[in-house]
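This report describes selected local features of one protein model. Please keep the sequence and the three-dimensional view at hand while reading.

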Amino acid sequence: MKKEYIRVLVRFLQTAFLTATVSFALCPISCKVTDEGLQLLHGDYAAPVLESYVAESEKRVSLSFSEPVTITGAIITRTTPFSGGEGSSEQGGLSSALKAVSGETDGISVSLSYDDDGRRTIAEASEALEAGARYALYGEARDENGNTLTFCVPFIGFNSRIPKIVISGVHPQFASAPSGGGDAKCEFVELYALTDGNVAGLAIQSAADGIDKAFTLPAAEVRAGDVIVVHLRTKGDGCASETGRDLSLSSGWYTSPTVRDIWSPNEKACLGDKEDAIILVNDFTGDILDAVLYAHPETAAWSNENVKDTAQKIAGKGIWKSALPGDAASTGGLTASKMLKRSGCIALRIAAENGTLGDIIEQAKEHWRVEKIVKGAVNPVE
């Protein structure tokens, strides 16, 4: 009986040893067996994350990742705005962008360099990219554990020739055409060029609307003294952006063949009717180039926190004398047939021509007034 007990015990220990050996072979120290199944304890199985990217020059795009990576297969292609049907052709072929990546069409070759920790990658194009043109950077990022991320980064060709430019007028109110047609009185911001340059990458941001509704201007060559009317709502026919030499393409209530009309595709209400903080930004660098604050003369405090914060930011940079609504341009008497108009713009242009214009131009409510707009004409810049 005792021998039988010993024999059973030996068999049990042998079975336990074999079970443990098999379990160890199947499950290294990076995992364990639970009642619910295999549970991973260690290891990196997540793809790297592309955290940010920015065009830094006519050739250079910078990408920042969540961890050190190596980029393979990088190429830049010229693109058109994305649409729902871009993924394939009618014959089921590749889109133009994917054809370039696959080698079916020409792309722009890219050289790569990395910073010391490997998280920031510089993609250098083999040729200068056109200012304001749409491009896409394709590639695959691989981390040290072999996890990969295939990415497509859309970006706008860098503009190194942004002119000195100011906001010379604002029309923040809307009125439908009396006949219900397309000749509506839409919101716009008027710009005045102090020097020659290209407006690609200039962005108009309204604190009342939020930064996600900002409008970025397309490429267009301008000369010192040019007026650019940026219509922030498209309504009816004739809303054609004049990016070339012909300034008679656009029609509408507040257009003129003597100025350059640019149209945002937005079709909804925009800008604050009575109060707002509007800034003109270099979208490539994030620098604020100019701004305007406006409020009703009886406003004691900003009703919108974002407007308040933006006003403080503008005043802090010395662009506006004060962040208080009482020190903003007055909207008293403003209607859909009137606009806020700035004075002193011609003097600024002359100072720019003479090289005496500083980087910061401080404004105050005294520089702005409300005046009536004439249909089919633009009020002259002063």
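Which residue stands opposite Lys-341 in β21? The residue opposite Lys-341 is Gly-169.

## Basis of the report

The model is predicted: local features need pLDDT of at least 70, and side-chain atom pairs count only at pLDDT 80 or more, while totals for chains, interfaces and linings use all residues. Residues are numbered from 1 along each chain as its sequence is written, and side-chain values use heavy atoms, with hydrogens and water left out.

Helices (H or I, at least four residues) and strands (E, at least two) are DSSP runs, numbered from the N terminus. An open sheet of 6 strands runs in the order β17-β16-β11-β10-β21-β22, and its pairing is mixed. At its edges lie β17 (260–263) and β22 (368–372), each of which pairs on one side only. Direction ignored, neighbouring strands of this sheet are turned against each other by 25° on average; axes are lines fitted to C-alpha atoms, for helices over the stretch in contact, and angles run from 0 to 180 degrees between N-to-C directions.

Two strands count as paired if DSSP finds at least two bridges between them. Strand β10 (residues 165–171) and strand β21 (residues 338–342) meet this with 2 bridges, in the antiparallel sense.

## Lys-341 in β21

Lys-341 lies in strand β21 and counts as buried, at 0% relative accessibility. Buried means under 20% relative accessible area, exposed over 50%, and partly exposed in between (1.4 Å probe, protein chains only).

The side chains of Lys-341 and Glu-190 are joined by a polar contact of 2.6 Å. Such a contact is a pair of N or O atoms within 3.5 Å; within protein, one must be able to donate a hydrogen and the other to accept it, and residues adjacent in sequence count only if both atoms are side-chain atoms. Leaving aside neighbours within four places in sequence, Lys-341 is in contact (heavy atoms within 4.5 Å) with residues including Ser-168, His-367, Trp-368 and Glu-371.

## Helix α4

The buried residues of α4 are Cys-345, Leu-348, Arg-349, Ala-351 and Ala-352. Seen down the helix axis, these buried residues fall within an arc of 160°, so they line one face of α4; the arc is that of the directions from the helix axis to the C-beta atoms. Their cover includes β10, β11 and β21.

The face of α4 turned away from its buried side carries the exposed residues Ala-347, Glu-353 and Asn-354. After α4 comes Gly-355, with a positive phi near 75°.

## Tyr-135 in β8

Tyr-135 belongs to strand β8 (residues 134–142) and is buried, with a relative accessible area of 4%. The side chain of Tyr-135 reaches the backbone nitrogen of Glu-130 at 2.9 Å.

Residues touched by Tyr-135, not counting those up to four places away in sequence, include Ile-76, Arg-78, Ile-108, Val-153 and Phe-155. Gly-157 is also among them; the C-alpha atoms of Tyr-135 and Gly-157 are separated by 6.9 Å, although the two residues are 22 residues apart along the chain.

## Cysteines

The structure holds 0 disulfides, a disulfide being a pair of cysteine sulfur atoms within 2.5 Å. For Cys-239, the nearest cysteine sulfur is that of Cys-186, 6.8 Å away. Cys-239 is partly exposed, with a relative accessible area of 22%; Cys-152 is partly exposed at 34%.
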